[in-house]
Each structure stands twice: as C-alpha cells, then as structure tokens.
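Colleague: I am new to this one. Can we go through the labels and ask what stands behind each?

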Amino acid sequence: MSLSLATEDRLPWQSSILAGVALALVVGMPMSVVALTAAHGDPRTAQTAMVAGCALVGWILLQLVLLRELSWLRPVCVIFAVAVAALGAPPLLYRKTLRR
C-alpha cells in the first residue's frame with residue numbers, strides 16, 4: 001500500500017524505510033518465530049504466539065495514533081492478531097486445573 005504525502009509526513013523522521021524496518025522487527029520477526037517454533041513442535045509455541053499476536057495489535061494501535069488514518073486492512077489484521085494470541089492462550093480447563 002502506498003502512503004499519501006500527508007501520511008508520510010506523520011511518520012517518525014518522515015521515513016517509510018524506517019517504518020518498514022520497524023514493521024519487520026516488531027511484527028514480521030515475532031510471527032516468523034511463531035511459524036518456526038510451531039513447525040518444530042517447540043513447547044514454547046503458545047507463549048510465542050501470544051507475544052506475536054499482542055505485538056501486532058500494539059503495532060496497529062501505534063499506526064492509528066501516529067498516522068491517524070483508518071483502512072480496511074487494520075481491523076482485519078487485528079482480528080488475525082487476536083486469533084493468533086488466542087490460539088496461544090491455554091484452554092480454560094487447563095487454567096482451572098492450575099489453580100487447584
């Protein structure tokens with residue numbers, strides 16, 4: 001998606017390259033780690049999924065604050081981020097068992 005000039009002016013340091021690198025670090029890397037841990041059957045996949053999902057929600061919120069624009073893609077990404085985080089959350093029965 002291309003950004004308007006007004007939107008690019010609202011980016012930190014007016015740099016779309018810096019924004020892209022930040023996106024890769026904050027969202028892309030955690031989601032990649034989730035994919036790798038899931039592919040290898042790592043027991044830490046659930047926790048990693050929760051962190052990656054929350055990072056994506058945080059990224060979207062930051063975009064809304066900084067860019068002050070709403071696109072159809074942001075709510076879709078939030079839905080998928082919540083789904084990823086929810087898949088990482090322990091089941092309700094498991095939580096009750098832990099409390100005993």
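Modeller: Start with the word helix. A helix here is a DSSP run of H or I with at least four residues, numbered from the N terminus. Met 31 lies in such a run, helix H2. Keep in mind that this is a predicted model.

Colleague: How many helices and strands are there in the chain?

Modeller: Five helices and zero strands. Along the sequence the pattern reads α-α-α-α-α.

Colleague: Why is Met 31 called partly exposed?

Modeller: Its relative accessible area is 24%. Buried needs under 20%, and exposed needs over 50%. Met 31 falls in between, so it is partly exposed.

Colleague: What does Met 31 touch beyond four places in sequence?

Modeller: Ala 52, Gly 53, Leu 56 and Val 84. Its C-alpha is also 9.8 Å from that of Ala 81, 50 residues away along the chain.

Colleague: Which helix holds Leu 23, and what makes Leu 23 partly exposed?

Modeller: Leu 23 is in helix H2, residues 16-39. Its relative accessible area is 36%, so it too sits between the 20% and 50% limits. Leaving out residues up to four places away, Leu 23 touches Gly 28 and Trp 59.

Colleague: Which residues make up the largest nonpolar core?

Modeller: Val 27, Leu 56, Trp 59, Ile 60 and Ala 81, five in all. Helix H3, residues 45-67, gives the largest share, three residues.

Colleague: What makes that set a core?

Modeller: Two tests. The members must be buried nonpolar residues, and their side-chain atoms must link up within 4.5 Å. Leu 56, Trp 59 and Ile 60 are among the buried residues of H3. Ala 81 is buried in H4. Beyond its neighbours within four places, Ala 81 is in contact with Gly 53, Leu 56 and Val 57.

Colleague: How does the reach of H3 compare with the span expected at 1.5 Å a residue?

Modeller: H3 has 23 residues and reaches 32 Å from first C-alpha to last, close to the expected 33 Å. After H3 comes Arg 68, with a positive phi near 55°. Helix H4, residues 73-88, has 16 residues and reaches 23 Å, close to the expected 22 Å.

Colleague: How do you know on which side of H4 the buried residues lie?

Modeller: Arg 74, Ala 81, Ala 85 and Gly 88 are the buried ones. They cover an arc of only 55° around the axis, which puts them on the same side of H4. On the other side, Ile 79, Phe 80 and Leu 87 are exposed. The cover over the buried residues includes H3.

Colleague: Are Cys 54 and Cys 77 exposed or partly exposed?

Modeller: Cys 54 stands at 52%, over the 50% limit, so it counts as exposed. Cys 77 stands at 23%, between the limits, so it counts as partly exposed.

Colleague: What about the chain as a whole: what share of its residues counts as buried?

Modeller: 22% of the 100 residues. The chain exposes about 7,200 Å², with carbon and sulfur atoms supplying 73% of that area. Among contacts between residues at least 6 apart in sequence, 58% join residues at least 24 apart.

Technical notes: Residues are numbered from 1 along each chain as its sequence is written. This is a predicted model: local features need pLDDT of at least 70, side-chain atom pairs count only at pLDDT 80 or more; totals for chains, interfaces and linings use all residues. Side-chain values use heavy atoms; hydrogens and water are left out. Buried means under 20% relative accessible area, exposed over 50%, partly exposed in between (1.4 Å probe, protein chains only). Helices (H or I, at least four residues) and strands (E, at least two) are DSSP runs, numbered from the N terminus. Contact means heavy atoms within 4.5 Å. The expected span of a helix is 1.5 Å times one less than its number of residues. The arc is that of the directions from the helix axis to the C-beta atoms. Accessible areas come from the Shrake-Rupley method with a 1.4 Å probe; for residues, only the protein chains shown count as cover.
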